[in-house]
Amino acid sequence: MDSEEDTRMEEDTPVTWPSAKGKGKAADVGPEPYDLENLPWVEKYRPVTLDDVVSHKDITSTIERFIEKNRLPHLLFYGPPGTGKTSTILAVARRIYGNDYKKQILELNASDERGIDVVRDRIKNFAETRTLFSKGYKLIILDEADMMTTAAQAALRRVIEQYTKNVRFCIICNYVNKIIPAIQSRCTRFRFSPLPISEVEKRIIGVIETERVAYDMTGETEVYNCTGNPHPSDIETIVNSMFSDEFTTSYKLISALKTERGLALQDLLIGAYEYIEEIDFKPHARIYLLDFIATTEHRLAAGANEKIQLTALLGAFKNAVELSQRS
Ligand SMILES: Nc1ncnc2c1ncn2[C@@H]1O[C@H](COP(=O)(O)OP(=O)(O)OP(=O)(O)O)[C@@H](O)[C@H]1O
Ligand SMILES: [Mg+2]
C-alpha cells in the first residue's frame with residue numbers, strides 16, 4: 001500500500017460514488033426499470049443463484065467456499081461464448097451482497113471502454129471509495145477483457161495490487177492468451193468449458209415449459225430452416241448437379257433452389273467447400289476447385305455480381321471434372 005492510497009482511505013474521507021456516466025457505471029439505479037416479462041429469454045432465464053448455473057459445479061462450489069471463508073481471490077473466467085461466465089459472476093455478486101448487489105459492483109464492458117483512461121479513472125474512482133457494508137470488499141467486473149489494449153491491461157496490474165484491500169476483480173474473457181501473464185498471475189483462473197448438449201437440452205425444455213410454448217421435437221430440417229443455413233441435402237444436390245448435369249440445367253436448378261430457399265451464393269460456397277472435402281477427387285482437380293471457390297468467395301465479399309459468379313463457378317466445376325479425368 002502506498003502512502004497516497006493510505007491518505008485516501010482515511011476514516012474521515014467523504015464517500016463519493018463514481019458518477020454514473022455511460023454504460024460501465026456503478027449501477028445505482030433502484031429497482032430494475034424493465035418489465036421482466038418483456039425481457040429476451042436469454043436475460044429472463046439467466047441463472048439467479050450459483051445453484052442455477054448448470055454444469056460448472058466444480059467452479060461454483062469452489063467459489064462458494066471462498067465466499068464462506070471470506071477469502072475471495074481475484075477471479076479470471078475464460079471460455080467460449082455462452083457458457084455462463086457473466087451469469088456466474090452476477091450470481092456470485094448476488095450471493096455476496098444480496099439482491100442489492102448492484103451498488104457494490106462496477107461492471108465494465110471492456111469491449112466498449114478499453115482505453116487506458118477507463119482503467120485509470122473509472123476503476124480507480126470506484127476502487128477508492130470505501131465499502132459501507134458488512135463485506136469488506138467491492139467487486140469490479142471487467143467483462144470481455146481480452147478486448148482491452150495491452151497498455152490498459154498493464155495499467156490494471158498496479159490498480160489490482162493497490163486496491164486488493166477493498167476490491168476484488170473478476171476478469172472475464174473468451175481467449176485467456178490475450179490477457180497479459182502479469183494479470184493472469186494475480187487471479188485464480190477458472191475455465192468454463194462448453195456445456196454438454198444434454199444439460200442444454202434440459203434447460204431449454206425447462207424454459208419452453210415455463211413459457212408454455214407449444215413444441216414438438218424439431219428435427220434437423222427445422223433448425224436449418226430457422227437459421228437460414230443451406231440444408232446438407234440441398235448442397236449435395238447442387239454440387240452433384242454442378243459436376244454431372246449439363247451447364248444450363250445445372251444453372252437453372254441452382255437458381256431455382258436459391259430463390260426457393262432464400263440462399264446466398266456465399267452460403268452455397270461454404271456448403272460446397274465442406275462437401276468437396278468429403279468426396280473422392282484427384283488432388284490437382286481438388287486444388288484447382290478449392291482455389292476457385294476461395295477466389296469466388298473473395299469476389300463476392302468485394303460485391304461482385306452473384307449471377308456472373310455462379311456461372312463462373314459452374315464453369316470451374318466443369319473444368320475440374322475434365323482435370324480429374326486426365327491422369
Ligand atoms: N452454465 C449455465 N447455466 C445456466 N444457464 C446458462 C449457462 N451458461 C449460459 N447460460 C444461459 O446463456 C445465457 C448467456 O450466458 P452468459 O452471458 O453467462 O455467457 P458468457 O459465458 O458470459 O458468454 P460471453 O462470452 O458471450 O459473454 C444466460 O443468460 C443463460 O441463460
Ligand atoms: Mg459474458
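This is a predicted model: local features need pLDDT of at least 70, side-chain atom pairs count only at pLDDT 80 or more; totals for chains, interfaces and linings use all residues.
We may begin with helix 3 and helix 4. The axes of helix 3 (residues 57-68) and helix 4 (residues 85-97) come within 11 Å of each other and cross at roughly 30 degrees. Angles under 35 degrees count as roughly parallel, and helix 3 and helix 4 are therefore roughly parallel to each other. The crossing of helix 3 past helix 4 is right-handed. On the helix 3 side, the contact is formed by Ile59, Thr60, Ile63 and Ile67, which meet Thr88, Val92, Arg95 and Ile96 of helix 4. Sorted by class, the residues of this contact are five nonpolar, two polar and one charged.

Helix 10 (residues 232-244) and helix 12 (residues 265-278) have axes that come within 9 Å and cross at roughly 80 degrees. This angle makes helix 10 roughly perpendicular to helix 12, since angles of 65 to 115 degrees are counted that way. From helix 10, the residues Ile235, Glu236, Ile238 and Val239 meet Leu268, Gly271, Ala272, Tyr275 and Ile276 of helix 12. The contact of helix 10 with helix 12 comprises seven nonpolar residues, one polar residue and one charged residue.

Most residues other than glycine have a negative phi. Asn70, however, has a phi near 55 degrees, a positive value in a residue other than glycine. Asn70 sits in the loop that runs between helix 3 and strand 1 (75-78). Asn70 counts as exposed because it has 10 C-beta neighbours inside 10 Å, and the cut-off for exposed is 12 or fewer.

Glu144 likewise has a positive phi, near 50 degrees, and is a residue other than glycine. Glu144 is placed in the loop between strand 3 (138-143) and helix 6 (150-162). With 19 other C-beta atoms within 10 Å, Glu144 is partly exposed, because a residue counts as buried at 20 or more.

Terms used
Residues are numbered from 1 along each chain as its sequence is written. Chains are lettered from A and ligands numbered from 1 in the order in which they are written. Axes are lines fitted to C-alpha atoms, for helices over the stretch in contact, and angles run from 0 to 180 degrees between N-to-C directions. Helices (H or I, at least four residues) and strands (E, at least two) are DSSP runs, numbered from the N terminus. Angles under 35 degrees count as roughly parallel, over 145 as roughly antiparallel, 65 to 115 as roughly perpendicular and the rest as oblique. A crossing is left-handed if the near helix is turned anticlockwise from the far one by less than a right angle, and right-handed if clockwise. Two residues are in contact if their C-beta atoms, placed from the backbone, lie within 7 Å. Ala, Val, Leu, Ile, Met, Phe, Trp, Tyr, Cys and Pro count as nonpolar, Asp, Glu, Lys and Arg as charged, and the others, Gly among them, as polar.
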